[in-house]
Amino acid sequence: MNDRTPKQRAFFAALRSTVPVLWGYLAIGMTFGCMLRTQTGHGWPVAMCMSLLIYAGAMQFLAVPLIAQGAPLPQIALLTLLLNARHMVYGLSLFDTFDRCGRGKPYAIFGLTDEAYALHTGTKPPEDADPGAYTLWVAGLCQAYWVIGSVVGNVAASLFEFNTMGIDFALTALFLVILHGQWQQYRSKLPFAVGAVAGLLLSVLMARNTAPEVLFALIAPELRGWPLLLAIAVMAAITLFTRAFPFLFFTGGRRPSALVLRLGRVLPPAVIALLVVYCLKDVRLNRLPYGLPEAVACALVLLLQHWKRSAILSIGVGTLAYMAMVQFLFV
């Protein structure tokens with residue numbers, strides 16, 4: 001133990017700190033890989049590519065139906081920006097932490113996911129460990145867990161045949177877990193209400209095939225026929241931009257304006273509320289089963305998350321319950 005170098009101590013410290021993320025990323029990553037295989041037909045190389053280049057769990061989940069439906073590239077770009085806008089404020093508290101990473105700083109910025117941010121701000125390396133190496137190992141180990149989970153889930157879906165009807169509820173469950181955490185953190189609930197109303201309006205417009213569809217059609221042709229790598233590259237570039245935003249515009253002692261800070265506080269809950277409503281846009285309340293499976297599964301996710309504070313448990317149980325209802329109870 002005592003003959004380890006500071007960098008080696010940093011690795012083992014990061015390994016211990018990321019154990020909670022390990023189990024969550026493996027489970028949720030496997031769900032993403034399975035969804036990608038069953039809904040789009042793409043194999044493990046695409047799952048690996050997305051997890052290596054985009055590395056944004058919620059966005060990758062959202063990308064599956066977008067790719068499956070052949071969504072227009074501008075629509076994918078806009079949703080990527082909206083969903084990952086919360087990352088724009090993460091770096092504001094990590095300037096000193098990332099400066100210690102030296103030449104590895106760009107990768108630390110790239111790997112700034114929700115979970116990595118929580119570890120960067122909530123844990124510290126031992127005094128005899130290299131702090132820059134610790135930060136980089138946290139980022140690297142978290143991404144390794146996510147990539148492994150994505151590939152394993154995709155391969156498993158190709159080897160074993162099972163009914164995956166309803167597995168797409170995992171995306172809604174993921175957003176609900178994020179929403180629950182933000183609801184606890186924010187004193188004002190107005191951003192949530194604004195986001196929910198915006199989600200309802202967007203859902204209505206999409207259902208009627210009006211403004212947004214027409215706008216996207218005017219900007220660019222649909223994704224069908226476009227190389228898949230182009231869509232992945234766009235999602236990856238926008239995600240990286242949101243994470244690098246503070247480091248690009250607020251270096252050298254420059255501080256963000258009050259408006260930027262205000263937007264950084266209100267945008268995340270509003271966007272997540274919008275996306276929860278948008279994920280439920282296909283629910284029909286005027287015919288059987290009247291949205292009952294979605295209502296029960298959403299309530300179950302929120303109750304479990306409030307009780308156990310375990311994302312993997314809440315998402316897993318909620319998704320399995322929804323799959324059971326749509327496959328057996330409401331056939």
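This is a predicted model: local features need pLDDT of at least 70, side-chain atom pairs count only at pLDDT 80 or more; totals for chains, interfaces and linings use all residues.
Visitor: What makes the size of the protein chain agree with a compact globule?

Guide: Start with the length, 331 residues. A compact globule of that length would have a radius of gyration near 20 Å. The protein chain has 20 Å, so the two agree. Along its principal axes, the C-alpha trace spans about 65 × 45 × 45 Å.

Visitor: How many helices and how many strands does the protein chain have?

Guide: The count is 16 helices and 0 strands. Helix 7 covers residues 105-110, so it qualifies.

Visitor: What share of the residues is called buried, and why?

Guide: Buried means under 20% relative accessible area. In the protein chain, 48% of the 331 residues are buried, because they fall under that cut-off.

Visitor: What share of the contacts joins residues 24 or more positions apart?

Guide: Take the contacts with a separation of 6 or more. Of these, 80% link residues 24 or more positions apart.

Visitor: Which element has the lowest mean pLDDT, and which the highest?

Guide: Helix 12, residues 211-219, has the lowest, at 42. Helix 7 has the highest, at 97. Over residues 210-225 the pLDDT is below 50. Beyond near neighbours in sequence, that stretch still has 30 contacts in the model.

Visitor: What is the mean pLDDT of the protein chain?

Guide: The mean is 86 on a scale from 0 to 100. A pLDDT of 70 or more is reached by 92% of the residues.

Definitions and conventions: Residues are numbered from 1 along each chain as its sequence is written. Side-chain values use heavy atoms; hydrogens and water are left out. Helices (H or I, at least four residues) and strands (E, at least two) are DSSP runs, numbered from the N terminus. The radius of gyration is taken over C-alpha atoms; the globule rule is 2.2 Å times the number of residues to the power 0.38. Buried means under 20% relative accessible area, exposed over 50%, partly exposed in between (1.4 Å probe, protein chains only). Contact means heavy atoms within 4.5 Å. pLDDT is the predictor's confidence in each residue, from 0 to 100.
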